[in-house]
Structure formats: structure tokens, C-alpha cells
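Thanks for making the time this morning. Please bring up the sequence and the model on your screens, and then I will walk you through the parts I would like us to look at together.

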Amino acid sequence: MTGSLPDVVVVGAGPVGLACAIECGRSGLRTRGIDKGALVNSLVGYPTGMEFFSTPDLLEIGGHPFPTRHYKPLREEALDYYRKVATAEHLDLSLYERVERLEGSEGAFDVVTDRGRHRTGRVIVATGFFDHPMALGVPGEDLPKVSHYFKEAFPYTGQDVVIVGAKNSAAKAALQCYRHGARVTMLVRSPALSEKIKYWIRPDLENRIAEGSISAVFGATVTSIADDTVTFRTVDGERTIPNDWVLAMTGYRPDYGFLSAMGIGVGDDDARTPVHDPASFESDRAGVFLAGTVCGGLATSRWFIENGRHHAKMIAAGIAARVRG
Ligand SMILES: Cc1cc2nc3c(=O)[nH]c(=O)nc-3n(C[C@H](O)[C@H](O)[C@H](O)COP(=O)(O)OP(=O)(O)OC[C@H]3O[C@@H](n4cnc5c(N)ncnc54)[C@H](O)[C@@H]3O)c2cc1C
């Protein structure tokens, strides 16, 4: 690899990884960020025109102001913001390079990627969870009409769309598909919509369900998907409905295979929390730190940008103190 050896490699150039790279740089550490995809790759994958839940001040990193046209930023404004911050901070970033595993030990790690090796003293893992959907585990899930990502509603005009799930992403996708002329059926495993649906989205969805514009079946478990149908089970038995597209908004999880290849342990709690010290964010592999949403394991709503961005200063201060000895 070219350039001087970094003191720190940050794996993941999402909002939290970028915050870590900025704070490490400000602490006098030579820092390199590596991402397997684009800059803020998860945000690139969010729905077109998506409005963030957070106000812009809560998404800011490195103290850079985030000006937006409205009260809540759009995905496109956030993409612009993080790109401009990364440029203004002259971050050393290698994009479209996938980290595969970690060799060596603190002070002399080799971060092994699909392009080569990066020798470094410490590593920060800020890899989020957005690339690994929670599978339904049913026959037909691999059909091309099934997706775990909702990008935009227009392709679903005039189509029979099943939306699996009942949290914010499912709620937003259902409303948008309905408003683009799709016939929407929500299949919800629980007996009601999730309490986690934001207070400004919930009444809209409840009213569309109550008036029959969107169908919702509660206590429904998908059992199989075929080219033209979806079959699900309720207490009343099994039903099959006509279907063109399935949006399985069933959530995401960290890449546990990757964490294992990095030598990071996983707790035996329900959330399968990656092992780390909550004060220093150091994992059970000395010199390897966790930052951002990956820290929560399966509890993916525990950390988000608003609170995860604050990991950066703590981790940078800890590493800088250790490097200075
Ligand atoms: C639809 C949606 C809306 C949301 N809205 C909000 C909101 O309004 N406010 C809020 O605070 N949070 C929100 N969140 C949560 C939060 O935005 C995201 O979870 C956020 O992206 C987390 O930032 P992160 O840096 O921890 O992880 P990510 O942004 O997911 O970044 C992880 C990065 O690591 C990279 N990576 C993964 N594995 C590897 C590897 N092996 N090698 C190299 N790179 C790798 C990925 O490509 C990715 O770029 C939302 C989440 C979703 C899904």
C-alpha cells in the first residue's frame, strides 16, 4: 500500500466511521478509512428522497454545520453533507476495498483486504449492519421479485405488493407504494403495528388501514413465496394471495462472520452484542475498537448516528493516549 503507515485504520466510511477518522486525525494520529462500497454506502442505499428522522444538528460530525432546506434533512442532502465534510477534512479514504480479516496484534496489525494489506497499530470497526438483511427463511425468498431494500415506489404502480414487517421502513414503504397506485398488503407477524413507528408516520398508516386503502393482516407469518402468489399463516389457517412483488422490511443485522474474522467475540445475550468495553469501546481483541451501530449487535435501534457519532472522540482520545505511551 502507498503512503506512510497509518496509526489507525477505520473500517467503514459511514457517518460514524467518518467521525472516527476526523477525531483520530485531530488527535494527531495518521488515519486511513477503508470502505467496501461508496462513501456513506448505507445512505446511498436508502430510499430516494428519504427524509431522516433526526434534525440535521444531530447528524453533524466533526463540528461541521449541516444546513438543510427543511426541518429534517433528505437523504440527498445528507449524501452531500458527508461528502463535503470528508473532502474538507482531507480524509485518507480507500473506497470499494473490502476488509476481510485481521492478522497480527496491537501495534503491528495487518488489515487484510480484497486488494492487499494495511499495516497499522490500531483498528476501529464501524461497519454498521445495513448489508445483512434478516431473512424470512421461506421457500421463494430468493426470487427476483423479493427485496429487503425499498428504493422508490414508482416501479410498483398498478402492482400487488406485499410488505412484510411493521416498523418504520415497512410503514414508509407501504404509504409510498399506496400513493403510487400499488395494491398494498402488509403482513405483520405481531398483533399490531410496532410501537417504534414514529409518531408523525403512525396516524397516516393507521388511517389508511382503517379506510381500507392499505390491507394489513396481523398475526401473519409468511410461509412461502411463488412467482404470482404469497402464502401466509394466521390463527385462522393458511391463505394464498395474488402477488407481484414482496418487500421484506424485516430489519438487518451486523455481519457476524466478518466480526469473527476480525477476532472480535460476541456475547451470549439476546442481542448477540459484539464484546466491547462500554467506556473505551475496545473489543476483546486488544487494539481493536468498535464504533457506531455495530456496537448494538441485533439491537439495531440502540445506536444510530445521533448517539453513535459520539463514540469517535472517546475512541480517538483512548488510542492517542496509548500511542503516546
Ligand atoms: C432507512 C434508515 C433511516 C435511518 N434514519 C436515521 C436517522 O434519521 N437518524 C439517525 O441517527 N439514524 C438513522 N438511521 C440509523 C443510522 O443512520 C444508520 O444505522 C447509520 O448508517 C449508522 O452509521 P454507521 O456509521 O454506524 O454505519 P453505516 O452507515 O452502516 O456504515 C458502515 C459502513 O461500513 C462499510 N463496511 C461494512 N463491512 C465492511 C467491510 N468488511 N470492509 C469495508 N467496509 C465495510 C459499509 O459499506 C458502510 O459504508 C437510519 C437507518 C435506516 C436503515
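Let me begin with a question: how are α1 and α8 oriented to each other? Before I answer, please keep in mind that this is a predicted model. The axes of α1 and helix α8, the latter covering residues 311-324, are 8 Å apart, and the two helices pack at an angle of about 40 degrees. Angles under 35 degrees would count as roughly parallel and those from 65 to 115 as roughly perpendicular, with oblique for the rest, and α1 and α8 are therefore oblique to each other. The crossing in which α1 passes α8 is right-handed.

If you look at the side chains in that contact, α1 contributes Val 16, Ala 19, Cys 20, Ile 22, Glu 23 and Cys 24, while α8 contributes His 311, Ala 312, Lys 313, Ile 315, Ala 316 and Ile 319. Sorted by class, the contact of α1 with α8 holds nine nonpolar residues, one polar residue and two charged residues.

Now please turn to a second pair of helices, α4, which is residues 168-179, and α5, which is residues 202-210. Their axes come within 10 Å and cross at roughly 55 degrees, and that makes α4 oblique to α5. The crossing of α4 and α5 is left-handed. Here Ala 171, Ala 174, Leu 175 and Tyr 178 from α4 meet Asp 204, Leu 205 and Arg 208 from α5, and by class this contact divides into five nonpolar, no polar and two charged residues.

Next, the ligand. A shell of 32 residues surrounds the ligand, and the closest of them are Gly 12, Gly 14, Asn 41, Gly 128 and Gly 292. The elements that give two or more residues to this shell are α1 (15-26), α2 (41-45) and α7 (305-308). In terms of class, the shell around the ligand is made up of 14 nonpolar, 13 polar and five charged residues.

Finally, the domains. The domain assignment gives domain 1 as 8-132 + 252-324 and domain 2 as 146-248, and the C-alpha centres of domain 1 and domain 2 lie 32 Å apart. The contact takes five residues from domain 1 and six residues from domain 2. On the side of domain 1 that touches domain 2, two residues are nonpolar, three are polar and none is charged.

Methods. Residues are numbered from 1 along each chain as its sequence is written. This is a predicted model: local features need pLDDT of at least 70, side-chain atom pairs count only at pLDDT 80 or more; totals for chains, interfaces and linings use all residues. A residue is near a molecule or strand if its C-beta atom, placed from the backbone, lies within 6 Å of it. Helices (H or I, at least four residues) and strands (E, at least two) are DSSP runs, numbered from the N terminus. Ala, Val, Leu, Ile, Met, Phe, Trp, Tyr, Cys and Pro count as nonpolar, Asp, Glu, Lys and Arg as charged, and the others, Gly among them, as polar. Domain bounds come from an automatic or database domain assignment. Two residues are in contact if their C-beta atoms, placed from the backbone, lie within 7 Å. Axes are lines fitted to C-alpha atoms, for helices over the stretch in contact, and angles run from 0 to 180 degrees between N-to-C directions. Angles under 35 degrees count as roughly parallel, over 145 as roughly antiparallel, 65 to 115 as roughly perpendicular and the rest as oblique. A crossing is left-handed if the near helix is turned anticlockwise from the far one by less than a right angle, and right-handed if clockwise.
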